[in-house]
Amino acid sequence: MKRATFALIAIFILLSFSPWWMLFIILGGFGWYSVNAKDVILSGLGVAVASWGIKLGIGYLSGGAILFNRVAEMMNLGSSFNLIMVSLILSGILGVLSSMSGYQLKSLINPPISKTQA
């Protein structure tokens, strides 16, 4: 929980000055420091959906409702709510993939030591 809160704070600070895809690089680093695969999946999904959802909510409430509706119409989604839901689903999937990539990269670089090798 502490790491997820730290990741959310880092995301909000860094995303103000960097491109949107930095979210997934941060989640890759978050996956690197995770202990097991279940933690990686749940926290990657939660942090990605929470951070992207808060950013979308702030954008919608600060005068972006017209833009959301126009983009939803261009994509044949019908309403801005459908656009937000599709965005959250996509960010959740990408969050899990990026955090799992960081976790798997750690296991490739630092393989666990088994008892038979020692």
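Of the 118 residues in the protein chain, 28% count as buried, where buried stands for under 20% relative accessible area, exposed for over 50%, and partly exposed for values in between, with a 1.4 Å probe and protein chains only. The model is predicted: local features need pLDDT of at least 70, side-chain atom pairs count only at pLDDT 80 or more, and totals for chains, interfaces and linings use all residues. Residues are numbered from 1 along each chain as its sequence is written, and side-chain values rest on heavy atoms, with hydrogens and water left out.

The overall architecture comes first. The protein chain holds four helices and zero strands, these being DSSP runs (H or I, at least four residues, for helices; E, at least two, for strands) numbered from the N terminus. In sequence order the pattern is α-α-α-α. The protein chain is more spread out than a compact globule, because its radius of gyration of 17 Å is well over the 13 Å that the globule rule gives for 118 residues. That radius is taken over C-alpha atoms, and the rule is 2.2 Å times the number of residues to the power 0.38. Along the principal axes, the C-alpha atoms fill a box of roughly 65 × 30 × 20 Å.

The accessible surface of the protein chain comes to about 7800 Å², and carbon and sulfur atoms account for 74% of this area. Such areas come from the Shrake-Rupley method with a 1.4 Å probe; for residues, only the protein chains shown count as cover. Among contacts between residues at least 6 apart in sequence, 70% join residues at least 24 apart, a contact being heavy atoms within 4.5 Å.

The interior can be followed through its nonpolar cores, each a set of buried Ala, Val, Leu, Ile, Met, Phe, Trp, Tyr and Cys residues joined through side-chain atoms within 4.5 Å. The largest has 11 residues: Ala4, Ala7, Ile11, Leu15, Leu23, Phe24, Ile26, Leu27, Phe30, Val47 and Ala48. Helix 1 (2-15), helix 2 and helix 3 each give two or more residues to this core, and helix 2 provides the largest share, five residues. Beyond its neighbours within four places in sequence, Ala48 is in contact with Leu27, Ser91, Gly92 and Gly95. A second, separate core of six residues includes Ala72, Leu83, Ile84 and Leu88.

Helix 4 (residues 80-109) has 30 residues and should span 44 Å at 1.5 Å a residue; its end C-alpha atoms are 43 Å apart, which agrees. The expected span is 1.5 Å times one less than the number of residues. Buried residues of helix 4 include Ser80, Leu83, Ile84, Leu88, Ser91, Gly92 and Gly95. Their cover includes helix 2 (22-32) and helix 3 (37-74).

Ser80, in helix 4, is buried, with a relative accessible area of 8%. Not counting residues up to four places away in sequence, Ser80 touches Tyr60, Phe68, Asn69 and Ala72. Tyr60 belongs to helix 3 and counts as partly exposed at 30% relative accessibility. With neighbours within four places set aside, the contacts of Tyr60 are Ala65, Phe68, Ser80 and Ile84. Tyr60 and Ile84 are 24 residues apart in sequence, and their C-alpha atoms are 9.5 Å apart in space.

A search of the whole structure finds two aromatic pairs. Rings of Phe, Tyr and Trp (its six-membered ring) pair if their centres lie within 6.5 Å; planes under 30 degrees apart count as stacked, over 60 as edge-to-face and the rest as tilted. The ring centres of Trp20 and Phe24 are 6.2 Å apart and the planes stand at 85°, so this pair is edge-to-face. Trp20 counts as exposed at 52% relative accessibility, whereas Phe24 is buried at 15%. The rings of Tyr60 and Phe68, with centres 5.5 Å apart and planes at 80°, are also edge-to-face. Phe68 counts as buried at 13% relative accessibility.

Met22 lies in helix 2 and counts as partly exposed, at 22% relative accessibility. Met22 and Ile11 are 11 residues apart along the chain, with their C-alpha atoms separated by 8.1 Å.
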